[in-house]
Amino acid sequence: MNILFLPGSTTSPSARFRLHQFVPHLRQMGHDVTVRVIQPDRMWSPVKTPRWQRLLQTRGAMVQRVASTMLMLRDAADFDVIMMNRDIVPEVRVTLLEPWLARRNPRLIFDFDDAIHLGERGKKLAQILPLYAHITPGNPFLAEYAQTLNPNITILPTVVDTDAYFAAPDRQPGPLRIGWSGSSYSAQYGLPILEPIIKQLAQRFEIEFIAISNTDPHLHWEGVNLRYIPWTEATEVAGLQTLDIGLMPLNDEPFERGKCGLKAIQYMAVGVTPVVSPVGVNSEIVVHGETGYHCHTDQDWIDTLTALLQDAALRQRMGQAARMRAEAHYSIRSLLPRMMQVFETVTGRER
């Protein structure tokens with residue numbers, strides 16, 4: 001099968017985990033896979049200059065993206081299937097590209113893993129989603145929205161490469177480590193939830209709180225032993241392996257319900273006990289009391305973390321069970337057959 005991936009970015013988590021990581025595995029299966037990224041990619045942003053200059057930079061980037069798309073898709077009809085992560089370009093007013101592409105090749109798959117329909121992008125999605133042969137949302141909340149516009153839906157959960165993600169062979173010496181991993185954007189919402197909880201635990205236990213992120217969140221939590229680990233793709237797994245307990249707090253809001261639980265899955269894949277807010281698909285990813293814990297209130301968080309901090313055998317048992325669940329349900333190996341079924345459905349429908 002001749003497959004074209006349009007991830008929209010080379011570095012964004014969505015592009016990495018929804019498309020890029022499958023490329024070598026599909027090629028190993030004998031498929032021809034081409035990956036093309038618009039220029040400048042979705043992660044580009046204007047440099048800090050006067051407002052009028054930023055406006056010109058932004059307009060120029062939009063024109064460049066449209067031209068880049070039309071150039072890189074000039075042979076679109078030659079592919080058996082085209083799968084893209086989100087809309088082709090991020091500008092919400094650019095709605096001509098998807099209809100143009102659908103006329104050239106109707107075997108299109110739209111993949112998304114966030115509640116991108118909330119806000120301005122919703123109008124654009126309402127115009128373009130009916131054009132796709134298939135849509136692959138990352139969770140049931142997103143699927144429910146997508147089905148209002150297109151009946152051809154298959155949920156593809158976010159997964160990780162469990163050959164690359166694995167439990168550390170030995171625990172590094174030192175205090176018990178509770179950690180959070182996420183982007184600088186996520187930090188502004190998740191870390192304030194944790195601050196009062198970690199402060200209270202630090203009064204009773206010798207712990208270290210670790211924040212893993214692309215930028216330093218500059219935490220100043222009085223009485224807490226804090227460490228920042230800079231995130232890089234190369235050191236991502238090693239950073240997660242330092243943790244004894246991994247946290248994923250979320251507010252119960254529409255945008256958060258669209259999240260696909262990557263943090264929880266990463267913790268699980270490295271054998272770290274996940275403790276999460278049971279918002280959206282988190283309640284499905286982590287089986288409460290079997291592969292981790294759900295926490296609704298501050299007291300839930302404190303009670304759960306206290307139990308884990310006091311019981312090394314419990315942490316080990318939960319971590320091992322979490323790892324097994326990640327391998328069975330949230331690994332590349334587990335998802336590839338479902339992805340291939342989507343490809344075959346799309347190409348078969350066209351034939």
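**Ground rules**

I note that this is a predicted model, in which local features need pLDDT of at least 70 and side-chain atom pairs count only at pLDDT 80 or more, while totals for chains, interfaces and linings use all residues. Residues are numbered from 1 along each chain as its sequence is written, and side-chain values use heavy atoms, with hydrogens and water left out.

**The open sheet**

I turned next to the strands, taking helices (H or I, at least four residues) and strands (E, at least two) as DSSP runs numbered from the N terminus, and counting two strands as paired if DSSP finds at least two bridges between them. I found 6 strands in an open sheet, with parallel pairing and the order β8-β7-β6-β9-β10-β11. At the edges stand β8 (225–230) and β11 (293–294), and each has a single partner strand, so one side of each is left without a neighbour in the sheet. I reminded myself that strands of a sheet pair through backbone hydrogen bonds, either parallel or antiparallel. Within this sheet I checked β6 (residues 176–181) against β9 (residues 245–248), which pair in the parallel sense over 3 bridges, and I noted that the bridge partner of Trp180 in β9 is Leu247.

**Strand β4 and its surroundings**

I then followed β4 (residues 108–112), for which 5 of the 5 residues are buried, so the strand is largely enclosed by the rest of the structure. Both of its faces are covered, with Leu108, Phe110 and Phe112 buried on one side and Ile109 and Asp111 buried on the other. Strand β3 (residues 81–85) pairs with β4 in the parallel sense over 4 bridges, and the bridge partner of Ile82 in β4 is Leu108.

**Aromatic pairs**

For the rings of Phe, Tyr and Trp (its six-membered ring), I counted a pair if the centres lie within 6.5 Å, and called planes under 30 degrees apart stacked, over 60 edge-to-face and the rest tilted. By this rule I have 5 aromatic pairs. In one of them, the rings of Phe110 and Tyr132 have centres 5.2 Å apart and planes at 70°, so the pair is edge-to-face. Phe110 lies in β4 and Tyr132 in the loop between α5 (121–128) and β5 (134–137), so the pair ties together parts that are 22 residues apart in sequence. Phe110 is buried at a relative accessible area of 0%, and Tyr132 counts as buried at 3%. I came back here to Phe209 and Trp221, which form a tilted pair, 5.0 Å centre to centre with 40° between the planes. That pair links distant parts of the chain, with Phe209 in strand β7 (residues 207–213) and Trp221 in the loop between β7 and β8, 12 residues apart. I also recorded one aromatic cluster, formed by Phe110, Phe112, Tyr132 and Tyr145.

**Helix α3**

How do the buried residues of α3 lie when seen down its axis, and what covers them? I listed Ala61, Arg65, Val66, Ser68, Thr69 and Met72 as buried in α3. Seen down the axis, the buried residues fall within an arc of 165°, so they line one face of the helix; the arc is that of the directions from the helix axis to the C-beta atoms. On the other side of α3, Trp52, Leu56, Arg59, Val63 and Leu71 are exposed. The cover over the buried residues includes β1 (2–6) and α4 (97–104), with contact meaning heavy atoms within 4.5 Å.

**Backbone details**

I found a cis peptide bond joining Gln39 and Pro40, with omega about -10°, and Pro40 sits in the loop between β2 (32–35) and α3. Arg86 has a phi near 70°, a positive value in a residue other than glycine; Arg86 lies in the loop between β3 and α4 and is buried, with a relative accessible area of 16%. His218 also is not a glycine and has a positive phi of about 50°, but His218 lies in the loop between β7 and β8 and is exposed, with a relative accessible area of 56%.

Note on methods
Buried means under 20% relative accessible area, exposed over 50%, partly exposed in between (1.4 Å probe, protein chains only).
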